[in-house]
Amino acid sequence: MVKKIFIVAGDPSGDLHGANLVYALKDISPYVEIYGLGGERMESAGVRLLHKLTELAIVGFSEAIINILALRKIYRKVKKFLKKQRPDIIVLIDYPGFNLKIAGLAKRLKIPLIYYIGPQVWAWRSGRIKDIAESVNKMIVIFPFEEETYRKAGVDVSFVGHPLLDTIQPTKSEEEVCEKFGLDSNYPIIGLMPGSRKQEIERLLPIMLEASKKIAKTRNVQFILPLAANIPMSYIKERITEFENNRHNRMKFSKRIKAKESPLPILVVRDEDYNIRRIMTLALVASGTATLENACLGIPMIIIYKVSFFSYLLARILVKIPIIGLANIVAGKRIVPEFIQRKARAGEIAKITSHWLDNPALMVEIKEELMKVREKLGTPGASQRAAKIILEEA
């Protein structure tokens, strides 16, 4: 008998995990029809998308307000589909602002619901766990400490490990990657990772570029920018050119700078298979899934994050943990620095970067701590284990 499954993912990382879940579902059972909301990866995996929800990927509270009308329209489309098609089960992947509304709809329609990669109630808005307990039939979690949190709330929950362990498998040696991209392994290679959403890039890339300028003044370094699949190459190159032009316009009036500086050489590449990341000496990275990916690869990093002033004020009220980087959260301590909001200053970031480059032993210690983070994430096979649970519940 064919099982009809509806899956919702709203951001690039959710789209990646959703696609891997779909592959696992089809591997276990050929008798599945999968519909949903997501992005290009889920579509390529065979999901019949009602809408490419990842095109609305947003970050911050005030930023979310801008897309309310679009999300309402998508919600109505989902509601109409669920009433007509009556899938055997709904699977929600992260994206709580929208997905918790879908959870409420599923409950009213009496359609079984599984939440895979659930809301981070251990970090903020813990009151939502009550709504989750009332709406979901099953939670599938990817961090070991989440299992106890949900179980205490009376939620049927299973820990399957983190799906990143299935996807982070570089296939090329550092020598092969350096040769392919014309990089010199004798000099440090610094990764710039400003995020997978345009709002993040607009705020974080200029800080990273300014810090890179300062670093490059004192040493021979190379810069690479592994670009997320959903961001056009032309967009990121335009932002880099815009930064160079604006910086020149600011500096030409300074007595300290009389001539135009050379543009910062940055290699922009698609981050498709993690091979480019394995050659990084260290990375400047936006807070998010990328910090956990870097931890799994043992890449020392400096976490940077900045949102709108209104979003930051709300976060100060709602967020109940002192650290925001997933690598630090899983470690249970601050093993890599975090520069948040007003503290995200290029000078300080460049200072720490230079200190690390001058102290290789320190970076070895950081790598060892990051490997401990990877060990806490379980074992490979999370997508397969999650798929098996979903098919059992459908």
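Helices here are DSSP runs (H or I, at least four residues), numbered from the N terminus. Quick housekeeping: this is a predicted model, where local features need pLDDT of at least 70, side-chain atom pairs count only at pLDDT 80 or more, and totals for chains, interfaces and linings use all residues. Residues are numbered from 1 along each chain as its sequence is written, and side-chain values use heavy atoms, leaving out hydrogens and water.

So what joins the side chains of Arg239 and Glu242? A salt bridge, 3.5 Å from N to O. That term means a side-chain nitrogen of Lys or Arg within 4 Å of a carboxyl oxygen of Asp or Glu. Arg239 also has a salt bridge with Glu238, at 4.0 Å. Together, Glu202, Glu238, Arg239 and Glu242 form a salt-bridge network.

Is Arg239 buried or exposed? It's buried, at 16% relative accessibility; buried means under 20% relative accessible area, exposed over 50%, and partly exposed in between, with a 1.4 Å probe and protein chains only. Glu242 is partly exposed at 38%, and Glu238 is partly exposed at 45%.

Elsewhere, Glu43 and Lys52 make a salt bridge at 3.3 Å, N to O. Glu43 is partly exposed at 39%, and Lys52 is partly exposed at 25%. By this rule, the model's count is 15 salt bridges.

Last stop: helix H9, residues 174–181, which holds Glu179. Glu179 is exposed, with a relative accessible area of 68%. That's me done!

Technical notes:
Helix = DSSP H or I, 4+ residues; strand = E, 2+ residues; numbered from the N terminus.
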